[in-house]
Amino acid sequence: RTLCWAFVMLSLPIYALGMALTSMLGKRTGIDPDVASAVRNVPSSMLLVFRCTVGDCSLENGKPAIVTIASKYGWSYAAVYVLTIMLVTFGIFNLIMATFVDNALEAARKNEQLRRNSRLMDEKRQVMVTSQLVYKLWKTSQQANRLND
């Protein structure tokens with residue numbers, strides 16, 4: 001369940017930016033062929049956006065995609081890139097990690113509760129602990145009787 005929500009939270013901005021790249025650059029004439037192949041349709045634009053968010057932001061020829069796009073088509077693309085990276089890295093990835101950590105802690109709490117309940121329901125352990133307690137009380141009363149005599 002958590003993994004599905006993480007996938008959805010990561011997919012929505014990638015889809016939105018992929019559509020924006022395709023609509024703004026995909027239909028231009030006279031566009032750089034390497035950029036054109038990266039933004040020719042929504043799936044290829046989404047792949048470029050995803051690759052940029054995970055660190056491999058290069059075109060087919062190996063040139064950095066964001067530098068090429070920003071230098072040829074305006075620095076507003078670089079600003080959107082920086083904001084997207086900040087949103088994904090600091091926002092969504094941290095939220096995903098917090099969700100996984102929360103689920104792990106909840107599972108640990110449940111396991112601890114099950115272990116505690118198991119120990120409380122263990123008849124052999126209860127008999128042993130009760131026997132030890134009775135023995136200690138008996139020994140203490142014997143010592144008290146000796147002191148009184």
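The legends below describe close-up views of a predicted model.

**View 1. The disulfide between Cys52 and Cys57.** The sulfur atoms of Cys52 and Cys57 lie 2.0 Å apart and form a disulfide. The count of disulfides comes to 1. The torsion about the S-S bond of this pair is about 60°, so the disulfide is right-handed. Both Cys52 and Cys57 are buried.

**View 2. Cys4, an exposed cysteine.** Cys4 has a relative accessible area of 54%. Exposed means over 50%, so Cys4 is classed as exposed. Cys52 and Cys57, by contrast, are buried.

**View 3. A nonpolar patch on the surface.** Four residues, Trp5, Phe7, Val8 and Leu12, form this patch. Together they have about 480 Å² of accessible area. Leu12 belongs to helix H1, which covers residues 2–26. With a relative accessible area of 56%, Leu12 is over the 50% cut-off and is therefore exposed.

**View 4. Helix H6 along its length.** Helix H6 runs over residues 123–148 and has 26 residues. From its first C-alpha to its last, H6 reaches 37 Å. This span is close to the 38 Å expected at 1.5 Å a residue.

**View 5. The N-terminal end of helix H6.** Asp122 caps this end of H6. A side-chain oxygen of Asp122 lies 3.4 Å from the backbone nitrogen of Lys124.

Methods: Residues are numbered from 1 along each chain as its sequence is written. This is a predicted model: local features need pLDDT of at least 70, side-chain atom pairs count only at pLDDT 80 or more; totals for chains, interfaces and linings use all residues. Side-chain values use heavy atoms; hydrogens and water are left out. Helices (H or I, at least four residues) and strands (E, at least two) are DSSP runs, numbered from the N terminus. The expected span of a helix is 1.5 Å times one less than its number of residues. A polar contact is a pair of N or O atoms within 3.5 Å; within protein, one must be able to donate a hydrogen and the other to accept it, and residues adjacent in sequence count only if both atoms are side-chain atoms. Patches are made of residues with over 30% relative accessible area and no salt bridge: like charges are joined within 9 Å, nonpolar side chains (Val, Leu, Ile, Met, Phe, Trp, Tyr) within 5 Å. Accessible areas come from the Shrake-Rupley method with a 1.4 Å probe; for residues, only the protein chains shown count as cover. A salt bridge is a side-chain nitrogen of Lys or Arg within 4 Å of a carboxyl oxygen of Asp or Glu. Buried means under 20% relative accessible area, exposed over 50%, partly exposed in between (1.4 Å probe, protein chains only). A disulfide is a pair of cysteine sulfur atoms within 2.5 Å.
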